[in-house]
Structure formats: structure tokens, C-alpha cells
Amino acid sequence: MPSKERRLPPLSPTEEEFVRELGRVMMALPRVVDTDMTRDAGIALSEYTTLMHLSEAPCRHLRMSELAAACNLSLSGMTRVVNRLEKQGLIQRAKCDEDGRGWNAVLTDSGLERLERAWPTHLVSVRRHILDHLGGHDLAHLTSALRRIATASGPPCDPGA
């Protein structure tokens, strides 16, 4: 027996505009920050984000799967980023002590230095493309709303969450 079709109310004009603009931001923002990072610091945003998460991890290492989740990348995508960083001496791979099956990505001293050199470029880009447009808004409230959306959309990206 077929279920009765439920009629959903359409989005209001304000909701529709918000959803469309959010989609534009989600597509454009990573590109413009990546462009700034590549041009001004010589490092891709995905590489910077990888180094950042490792720098914040205990003992500066994370299991590859945890690092991929933190960076919102597939495991194969994360492997490609780690391969590039490993060739530059910014990351090393080490077998996981816990089970010996998985691999950890480990931030080297050179990787930490590279992250620190790129940080000012990231800061300028994030301020220019995001924070400068949010003056007068309650950032704690916006952060909470974004966290609820992210949590409802899937597993947390932050392994510590």
C-alpha cells in the first residue's frame, strides 16, 4: 500500500536566498583562500590545514583516517596530500603503536616551521574573506549554528569533538 504523499511547504524567499548564498560561500570561500595561500605562502590550503591539525594533535601525530576526517577529505585524498608533504620533509609516516596496522602522519620540526611561516597569510586571507564581513554579528551564536548544521549533517570533522 503506497504511503500518502506529504506536502512540504516551500522555502520562504528569505530562506531560499540564505540557502543559495550559503551554497555560493561554500563553493567560493575555499577557492579564494587557497588562491591566497598558494600565491602568497606557496602552500595549498589543503596542505596548510593538514599541518595545522597535526600541530594541534597530541605529540603532533594523527592516524591517517582521523587526519582525513579532520581535514574533511577522503582517505585517498588525504594520502595524496600527505605524500606531497612527506616529499618535502614536512610530515613523516609511522606505524600506529596501538595496533600496528594503521599509519600515523607525524608533523616534523620542518613542517611546524613551514606552518608558522604560512600562518600570517592564512590569517590575512581569513580576515579579508570572512571576518571583515561579519562585524557586528554575534560570532559565538553563528559558530553554534554552524556547529549544529555540521553535526546534523554527518560525523564530526574534528576528531576531538
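Q: Which residues is Met78 in contact with, leaving aside its neighbours within four places in sequence?
A: This is a predicted model. In it, Met78 touches Thr50, Met64, Leu67, Ala68, Cys71 and Leu73.

Q: And which residues have the most contacts inside the largest nonpolar core?
A: Met78 is one of them, along with Met37, Leu51 and Leu67. That core has 24 residues.

Q: Zooming out, how many helices and strands does the chain have?
A: Six helices and three strands. Along the sequence the pattern runs α-α-β-α-α-β-β-α-α.

Q: What about the radius of gyration?
A: The chain has 19 Å. A compact globule of 161 residues would be near 15 Å. The C-alpha trace spans about 55 × 50 × 25 Å along its principal axes.

Q: How much of the chain counts as buried?
A: 26% of the 161 residues. The accessible surface comes to about 11400 Å². Carbon and sulfur atoms account for 58% of that surface.

Q: What share of the contacts with a separation of 6 or more is between residues 24 or more positions apart?
A: 53%.

Q: Last one, charges: how many positive and negative side chains?
A: There are 21 positive and 21 negative. The centres of the two sets lie 5 Å apart.

Notes: Residues are numbered from 1 along each chain as its sequence is written. This is a predicted model: local features need pLDDT of at least 70, side-chain atom pairs count only at pLDDT 80 or more; totals for chains, interfaces and linings use all residues. Side-chain values use heavy atoms; hydrogens and water are left out. A nonpolar core is a set of buried Ala, Val, Leu, Ile, Met, Phe, Trp, Tyr and Cys residues joined through side-chain atoms within 4.5 Å. Buried means under 20% relative accessible area, exposed over 50%, partly exposed in between (1.4 Å probe, protein chains only). Contact means heavy atoms within 4.5 Å. Helices (H or I, at least four residues) and strands (E, at least two) are DSSP runs, numbered from the N terminus. The radius of gyration is taken over C-alpha atoms; the globule rule is 2.2 Å times the number of residues to the power 0.38. Accessible areas come from the Shrake-Rupley method with a 1.4 Å probe; for residues, only the protein chains shown count as cover. Lys and Arg count as positive and Asp and Glu as negative; His and the chain ends are not counted. The place of a charge is taken as NZ of Lys, CZ of Arg, CG of Asp or CD of Glu.
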